[in-house]
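This report goes through a protein model part by part. Look at the sequence and the structure first, then read on.

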Amino acid sequence: ALGLSLLVDFKKVLTKENIRGRLLDAGAGKLSYRHLVRPLCSEYKSMDFQATHPELDYQSDIQNMPLENESFDTVLSAEVLEHVPDPEKALREIHRVLKPGGKLVITIPHLMYLHNEPNDFYRYTKYGLRTLLERVGFTVEYLQPSGSIFSFLQGIIATTAIGFAYGIPVVWEIVFGISKLTSKITIWLDNHTDKKKLFALHFIAVAKK
């Protein structure tokens, strides 16, 4: 449910209004979102700090990108900012490479376990994210929470259980099947209980230059 709850809400902002022209997937990892945004943009470019995928276009630090000013119409940054030592510097770089009127579509974690250690530096509230975006010159057009406490708890249990069962014939398939079923149930519970999203797992924002 940790990933599914984010994906469901993230898809809501992946529209032609927000995704267009030349797009940079900044912190692209294994290019997990490429198939979702490619039909919406004219050109897809990917970048990450490490060689995370054989089709990665740029290997670079997001805090100091070797890209020309105002060279992209859209920047996608999904679950990246928590891994950056200087998030404001990274956002200034994104602002620099965006054309005037260009958009940043970004997701960040609020509740999340430690991951990609030791490069796991921050967690963000919606107020913190808005402050950072506005400080570097963005206008925030959309900022919404995703997921809540039930998805968080299910995600921790499921991640642990799948980790123990991985590679064990039949057992792994059963555990994975239970995880898929319970993730849908917990997302439903989150949507019908924590109305204020005080325990949001992530925040999703669209910001315009």
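## Two packed helices

The model shown here is predicted. In it, helix α5 (residues 149-165) and helix α6 pack at an angle of about 175°, with their axes 8 Å apart. That angle is over 145 degrees, and α5 and α6 are therefore roughly antiparallel to each other.

Residues of α5 that take part in the contact include Ile-149, Phe-150, Ala-158 and Ile-162.

## A nonpolar surface patch

Helix α6 covers residues 171-193, and Ile-174 lies in it. Together with Val-170 and Ile-178, Ile-174 forms a nonpolar patch on the surface. The accessible area of these residues together is about 290 Å².

## Helix α3 and its cover

Helix α3 spans residues 87-97. Among its buried residues are Leu-91, Ile-94 and Val-97, and also Glu-93 and His-95. The cover over the buried residues of α3 includes strand β4 (72-78), strand β5 (98-109) and helix α4 (126-135).

## Ser-71

Ser-71 sits in the loop between β3 (58-59) and β4. With a relative accessible area of 14%, Ser-71 is buried. Leaving out residues up to four places away in sequence, Ser-71 touches Arg-22, Val-97 and Lys-99. Ser-71 and Pro-100 are 29 residues apart in sequence, while their C-alpha atoms are 9.9 Å apart in space.

## Salt bridges

Side chains of opposite charge can pair when their charged atoms come close. How many salt bridges does a search of the whole structure find? The search finds 13.

One of them joins Arg-22 and Glu-43, with the closest N and O atoms 3.0 Å apart. Arg-22 lies in strand β1 (residues 22-26) and Glu-43 in strand β2 (residues 43-48), so this pair ties together parts that are 21 residues apart in sequence. Arg-22 is partly exposed at 23% relative accessible area, and Glu-43 is partly exposed at 31%. Arg-22 and Glu-43 also belong to a network of salt bridges with Lys-45 and Asp-57.

Lys-99 and Asp-73 form another salt bridge, at 3.5 Å from N to O. Lys-99 is in strand β5 and Asp-73 in strand β4, so the pair ties together parts that are 26 residues apart in sequence.

How values were computed: Residues are numbered from 1 along each chain as its sequence is written. This is a predicted model: local features need pLDDT of at least 70, side-chain atom pairs count only at pLDDT 80 or more; totals for chains, interfaces and linings use all residues. Side-chain values use heavy atoms; hydrogens and water are left out. Patches are made of residues with over 30% relative accessible area and no salt bridge: like charges are joined within 9 Å, nonpolar side chains (Val, Leu, Ile, Met, Phe, Trp, Tyr) within 5 Å. Accessible areas come from the Shrake-Rupley method with a 1.4 Å probe; for residues, only the protein chains shown count as cover. A salt bridge is a side-chain nitrogen of Lys or Arg within 4 Å of a carboxyl oxygen of Asp or Glu. Helices (H or I, at least four residues) and strands (E, at least two) are DSSP runs, numbered from the N terminus. Buried means under 20% relative accessible area, exposed over 50%, partly exposed in between (1.4 Å probe, protein chains only). Contact means heavy atoms within 4.5 Å. Axes are lines fitted to C-alpha atoms, for helices over the stretch in contact, and angles run from 0 to 180 degrees between N-to-C directions. Angles under 35 degrees count as roughly parallel, over 145 as roughly antiparallel, 65 to 115 as roughly perpendicular and the rest as oblique.
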